[in-house]
Amino acid sequence: MQLRTVLDVNVVDVQKRRNPSKHYVYLINVTYSDTTSHVIYRRYSKFFELQMRILDKFPIEGGQKDPKKRIIPFLPGKVLFRRSHIRDVAVKRLKHLDNYCKALMKLPSNLSQSDEVLTFFETTSDDLNPPPEDCGSSGKRKSGLDASDPMLLEQYVVVANYEKQEPAEIGLQAGEVVDVIEKSESGWWFVSTAEEQGWVPATYLNSHSGTRDDLELGASKAGEEEKYLTVQPYSSEGKDEIAFEKGVIVEVIQKNLEGWWFIRYKDKEGWAPGFLSEEGEG
């Protein structure tokens, strides 16, 4: 049985979800060839996966051999700004994603009605039975366009180098900080670096926002703190962090399992990224 074709697509709103964790989805009105019209809900990462599948199936139309022959539209929002509110990023992308979908529909039918595109826009059981819209404490409807109750992207530290294996993945360098956009139960997370975004194994990431009380720590005995020489300067970004210059000696009091060390410098104590230091002499 052939899938119904898609006649028109409109990305109209952004909506918050709370399960399995806080995230945003785009509301998309889809009109089909059987004269029906439905609303579907898609995360941004799903658009990303669709784009990867299309580019992989249609390399010529994707400009892989000759960029001048590319007709597949570019997916908006490659770069995320550090510590951006997820809501702000989602809302800014809404119009661009609407234009992207409309551009897809204008492509030749072998592309616009390909299995990849039709499957993406096909109505699922989750679309037919979406969770109740998050109304907040006021009981009033909260559109994604409402500026209240923003969420910050979680930041994680890369603990080891990772070389990407598939087009939808990205490589990682130990010590860099990434923004986590989506966590999948499969153990793969959708993240953004300063340069690109894609899927990575969650095992290569550790939390950037731990506190001294809620993490398993290795503590040095009094008077036996390890001394380290800093190889980069660091500017503190929170009240529990500590700043230092390059080339100074710091005392490491405790190390947690997520890449952050509790140190003493100039009679002050606080957290700092462990990857910024190397063991000092004497």
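This is a predicted model: local features need pLDDT of at least 70, side-chain atom pairs count only at pLDDT 80 or more; totals for chains, interfaces and linings use all residues.

User: Is Ser-114 buried or exposed?
Analyst: Ser-114 has a relative accessibility of 4%, so it counts as buried; the cut-off for buried is under 20%.

User: And which residues is Ser-114 in contact with?
Analyst: When neighbours within four places in sequence are left aside, Ser-114 is in contact with Phe-58 and Ser-109.

User: Let us step back. How many helices and strands are there?
Analyst: The secondary structure of the protein consists of 5 helices and 14 strands. The protein has 282 residues, of which 44% count as buried.

User: Now the inside. Which residues touch the most other members of the largest nonpolar core?
Analyst: That core has 35 residues, and those that touch the most other members are Val-6, Tyr-26, Ile-28, Phe-47, Ile-54, Tyr-100 and Phe-121. The elements that give two or more residues to this core are β1 (6-17), β2 (23-32), α1, α2 (86-105) and α4 (115-121).

User: Which element gives the most to this core?
Analyst: Helix α2 gives the most, with 7 residues. In soluble globular proteins, nonpolar side chains tend to be buried together.

User: You mentioned Phe-47. What is Phe-47 in contact with?
Analyst: Leaving aside neighbours within four places in sequence, Phe-47 is in contact with Tyr-26, Ile-28, Arg-42, Leu-75, Leu-97, Tyr-100, Cys-101 and Phe-120. Apart from this core lies another core, of 12 residues, among them Leu-172, Val-180, Trp-189 and Ala-202.

User: How far are the C-alpha atoms of Cys-101 and Asp-8 separated?
Analyst: These C-alpha atoms are separated by 8.9 Å, although Cys-101 and Asp-8 are 93 residues apart along the chain. As for the protein in general, among contacts with a separation of 6 or more, 57% are between residues 24 or more positions apart.

User: Back to α1. Why does the span of helix α1 agree with what it should be?
Analyst: Helix α1 covers residues 44-57, which is 14 residues; at 1.5 Å a residue, it should span 20 Å, and its end C-alpha atoms are 20 Å apart, so the two agree.

User: Which residues in α1 are buried?
Analyst: The buried residues in α1 are Tyr-44, Ser-45, Phe-47, Phe-48, Glu-49, Leu-50, Gln-51, Ile-54 and Leu-55.

User: And which strands does α1 lie across?
Analyst: Helix α1 lies across β5, β6 and β7, and runs at about 95° to β7.

User: Changing topic to sheets: what is the order of the open sheet with 3 strands?
Analyst: The order is β1-β2-β3, with antiparallel pairing. Strands β1 and β3 (37-42) stand at the edges with a single partner strand each, so one side of each has no neighbour in the sheet. On average, neighbouring strands of this sheet are turned by 25° against each other, direction ignored.

User: How many bridges are there between β2 and β3?
Analyst: β2 and β3 pair in the antiparallel sense over 6 bridges. For example, Leu-27 has Tyr-41 in β3 as its bridge partner.

User: And the open sheet of 5 strands, what order does it have?
Analyst: The order is β7-β6-β5-β4-β8, again with antiparallel pairing. Here β7 (197-201) and β8 (205-207) stand at the edges; each has a single partner strand, so one side of each is left without a neighbour in the sheet. Neighbouring strands of this sheet are turned by 50° against each other on average, direction ignored.

User: How many residues of β5 are buried?
Analyst: Strand β5 is mostly covered, as 5 of its 7 residues are buried. Strand β5 (residues 177-183) pairs with β6 (residues 188-192) in the antiparallel sense over 4 bridges, and Glu-182 has Phe-190 in β6 as its bridge partner. Strand β4 (residues 154-158) also pairs with β5 in the antiparallel sense over 4 bridges, and the partner of Gln-155 in β5 is Asp-179.

Note on methods:
Residues are numbered from 1 along each chain as its sequence is written. Side-chain values use heavy atoms; hydrogens and water are left out. The expected span of a helix is 1.5 Å times one less than its number of residues. Buried means under 20% relative accessible area, exposed over 50%, partly exposed in between (1.4 Å probe, protein chains only). A nonpolar core is a set of buried Ala, Val, Leu, Ile, Met, Phe, Trp, Tyr and Cys residues joined through side-chain atoms within 4.5 Å. Contact means heavy atoms within 4.5 Å. Two strands pair if DSSP finds at least two bridges between them. Axes are lines fitted to C-alpha atoms, for helices over the stretch in contact, and angles run from 0 to 180 degrees between N-to-C directions.
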